[in-house]
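Some terms in a structural description rest on cut-offs.

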Amino acid sequence: MSRTMRILASLVVIAIVAVALGVFIIRGPAPLDFAGGTKVALADYRAGKPTGVPAKLEKAGMVERGEYLAKAADCMVCHTSPGGKEYSGGLGFKLPFGTLYSTNITPDKDTGIGNYSDQDFLNAVQRGKRHDGARLYPAMPYTSYTYMSDEDVLAVKAYLFSLPAVRAKPPENTLSFPFNQRWAMIFWSAVFNPDTRFAPDTSKSPEWNRGAYLAEALAHCGECHTPRNLGFALDNRKKFAGAITAGWHAFNISSDKATGLGNWSDADLIAYLSLGHAPGHGSASGPMGEAVDHSFSQFAPEDISSIVAYLRSVPPVPSPDLPATTAPVAPASHKDGITADARGKNVFASACASCHGWSGESPVSPMATLTGTWAVNDPAATNVAQIVLSGTKRHTPDGALSMPAFGNAYSDDEIAAVANYVTARFGTKRSKLTAKDVAELREQTAE
Amino acid sequence: MATTLTINGETKSFDAPPEMPLLWVLRDILGMTGTKFGCGIAQCGACTVHVDGKAVRSCVLPISAVANRAITTIEHVGSTPSGAKVQKAWLDAEVIQCGYCQSGQIMSAAALLAATPSPDDADIDAAMAGNICRCGTYVRIREAIKLAASGRQS
């Protein structure tokens, strides 16, 4: 070998090692690596049954089991457009580089998945590979669903195929180059999709394993609550540490005491997941509100408890952008406490005070209490602005309580002012939203 | 669903779904039409009633949220000390023009005086900003609240 060839060969080797190292560093740990125990194949696990449906449905038919699992995986919310038929797709995902539309997953042969074989469906859900061989974008959380057992994925298919076929073609994606190159997702998938099924951890309880399966494979909590890495995949070094997703702040759900769930009681967590509200912790709104309405509220109580047991075990990761403690109740009189920002106060007096009160403790319902919520204690005020823009509605067994959307009633400037007033009065630190920030939030959620 | 509420000191039972707003129960089921429907989204104040003495908008308030709480409407507010003072002042100052928003204005003013017997302009702004009047009677509303608070009424 000549000297030049040797140098070239060395450079190639160095480049390969550098790329491999880079990929290894960017990819980071898998979602369940933190647990550290011995993992066994699902078939070899005897202590319990982490996959499948809860006991009450054990004897149910495949369609009924699939319905429970489809709800647990929350398929419907993303695969239904506003005003569209359920599961017929067309919901737009606004990304910085264009809009991506969800697909029709009803059994229509032309526009849906009516021609999918079992293997096609497994390929799509677990590997992000379409019937025609094209790659799915990871807006479809197949890197989470890949942990589902084949049996559960096929039960979901049976359920979807039991639904009426809807003829509906979603709009074409409007992604810009290079993001419109679907084939390139082969490489993304090779690096970031583990393409492996859930493996129970024998050092943990059966309840933990069930919770891990539900949270990771089905509910895909991390897709919103875990920050993303350079490759737009989940960065599990900061597992559940909170992130901005679809224009909303998905708060820290690690076990960190100050900024995560470490100080929530079991009862609080159970109430929040199953009803969308826990006293002093606010009400689920935006994407989490949808997750509660269509998914968590349908979970069997023992499945909710399993998720809680699992969440407790996720290592604490603090959120440096949040205060260590939330602010106490504000003074009862509008004159005491924060008085700056006359415009924000004016909007608050006209539009907000009659339900939320000047103290932040609602005279109407604990569900409308602002005190103690992360939304008002987040100095970025992202969710305050979002809820003001689009309103919120909580369904409970005793009926629904809702806040109207103020997006059309107030200007960007007024919404920024009231968000800044609200964070100053009821939170720990006044936010500094501008009209431009509010305009951007409108843009991200417009649909 | 059978529901029981305490309205103006009386127990009222009726059939209504738990998410029905209180305003619908008052007007359509109980026939108490003094409380007005304005915007239906808590933006105009015409539907204001008192729940445990505080002014709230009944158009967005589901009845499931007010079980076991004391509800007072415009029909009964005159029997509270601050409500009586406000109604008297409203007549003395001839506040009302078309009148549609006025039961809400009176309810908000009565709740204000009950909590803050001598309100200044800032207090009036904070309490009354959510009550809109298309006739523009705001100047007389402010005047009447001050009159009611002054104790100078005949």
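Q: What makes the place of A:P178 a loop between α6 and α7 of chain A?
A: Helices are DSSP runs of H or I with at least four residues, strands are runs of E with at least two, and both are numbered from the N terminus. A:P178 lies between α6 (150-162) and α7 (185-192) of chain A, in the loop. This is a predicted model, in which local features need pLDDT of at least 70, side-chain atom pairs count only at pLDDT 80 or more, and totals for chains, interfaces and linings use all residues. Residues are numbered from 1 along each chain as its sequence is written, with chains lettered from A and ligands numbered from 1 in the order in which they are written.

Q: Why is the peptide bond between A:F177 and A:P178 called cis?
A: Its omega is about 5°. Most peptide bonds are trans.

Q: Why is A:A246 called partly exposed?
A: A residue is buried with 20 or more other C-beta atoms within 10 Å of its own, exposed with 12 or fewer, and partly exposed in between; C-beta atoms are placed from the backbone. A:A246 has 15 such neighbours, so it counts as partly exposed. A:A246 sits in the loop between β3 (243-245) and β4 (248-250) of chain A, and its phi is near 50°, a positive value in a residue other than glycine.

Q: Is B:N68 buried or exposed, and why?
A: B:N68 counts as exposed because it has 8 C-beta neighbours inside 10 Å. B:N68 is in the loop between β4 (54-57) and β5 (70-72) of chain B.
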